[in-house]
Amino acid sequence: MGENISIQTLQRLPVYLNYLKSDAVSRGGNISAGAIAAALGLGEIQVRKDLAQVSSGGRPKLGYCIEELKTDIETFLGCNDTKDAVLVGAGKLGRALLDYSGFAEYGLEIVAAFDSDPAVIGEDDCNGKKILPAEKLTDLCRRMNIHIGIITVPAAHAQKVCDALVEGGVRAIWNFAPCHLEAPDNILVKSENMAISLAVLSRHLTELSEKEK
């Protein structure tokens with residue numbers, strides 16, 4: 001199980017987990033792949049294949065024990081194995097991510113935030129941690145053995161931050177800056193490009209409008 005799992009399957013697993021944790025699912029019972037597929041608007045065969053990658057608990061006519069399936073997905077995603085991360089860029093987006101408590105459900109803890117603006121350095125974030133100067137980023141990552149970096153700085157500064165994170169030993173980067181980052185092949189960079197998402201939404205609305213004419 002879990003060998004050579006596709007990025008698409010990996011992206012769907014948190015969706016399954018969120019649904020299994022929702023109020024729409026009864027507690028202590030069983031659920032079928034078909035029921036999950038119907039609730040999420042996905043194909044049953046696809047859901048069945050995805051779940052088979054992370055759990056061997058499915059039974060014919062009985063489906064999956066809900067609690068066991070949640071545990072299997074959480075274990076596979078490492079939700080119970082806390083990973084420390086640092087965030088660089090304590091602006092509005094950075095502060096919003098610092099304020100978000102839901103990361104803990106997926107085993108992520110932001111242990112420090114950095115910025116280059118003297119006006120915010122030394123301030124406390126929502127969890128009482130000081131905003132640290134950017135020049136301390138690489139050294140702290142090395143000392144604390146940090147493997148995840150979150151970038152929420154303007155595009156013009158993102159590559160420099162990426163380089164500093166890589167130098168500090170970070171192995172995975174979550175990039176919210178609207179730009180492409182260059183990193184060594186062994187470093188995973190996951191970019192969240194809101195402009196692309198907005199373009200897709202806009203195009204969808206345009207196509208609907210054209211059909212309605």
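Modeller: Let us begin with burial: a residue is called buried when its relative accessible area is under 20%. In this predicted model, F176 is buried, as its relative accessible area is 13%. F103 is likewise buried, with a value of 13%, whereas W174, at 23%, counts as partly exposed.

Biologist: How is a pair of aromatic rings described?

Modeller: One gives the distance of the centres and the angle of the planes. Three aromatic pairs are present in the structure. The pair of F103 and W174 is edge-to-face, at 5.7 Å centre to centre and 70° between the planes. F103 belongs to the loop between α5 and β4 and W174 to strand β7, so this pair ties together parts that are 71 residues apart in sequence. W174 and F176 form a tilted pair, because their centres are 4.9 Å apart and their planes stand at 50°. Ring pairs join Y100, F103, W174 and F176 into a cluster.

Biologist: How are two packed helices described?

Modeller: By the angle between their axes and the distance between the axes. The axes of α1 (residues 7-21) and α4 (residues 66-77) come within 10 Å and cross at roughly 145°. The crossing of α1 past α4 is left-handed. Their contact comprises eleven nonpolar, no polar and three charged residues.

Biologist: Which residues of helix α3 are buried?

Modeller: V47, D50, L51 and V54 are. These residues lie on the same side of α3 because they cover an arc of only 95° around the axis. The face turned away from that buried side carries the exposed residues I45 and K49. Elements covering the buried residues of α3 include α1, α2, β2 and α4.

Key
Residues are numbered from 1 along each chain as its sequence is written. This is a predicted model: local features need pLDDT of at least 70, side-chain atom pairs count only at pLDDT 80 or more; totals for chains, interfaces and linings use all residues. Side-chain values use heavy atoms; hydrogens and water are left out. Axes are lines fitted to C-alpha atoms, for helices over the stretch in contact, and angles run from 0 to 180 degrees between N-to-C directions. Helices (H or I, at least four residues) and strands (E, at least two) are DSSP runs, numbered from the N terminus. A crossing is left-handed if the near helix is turned anticlockwise from the far one by less than a right angle, and right-handed if clockwise. Ala, Val, Leu, Ile, Met, Phe, Trp, Tyr, Cys and Pro count as nonpolar, Asp, Glu, Lys and Arg as charged, and the others, Gly among them, as polar. Buried means under 20% relative accessible area, exposed over 50%, partly exposed in between (1.4 Å probe, protein chains only). The arc is that of the directions from the helix axis to the C-beta atoms. Contact means heavy atoms within 4.5 Å. Rings of Phe, Tyr and Trp (its six-membered ring) pair if their centres lie within 6.5 Å; planes under 30 degrees apart count as stacked, over 60 as edge-to-face and the rest as tilted.
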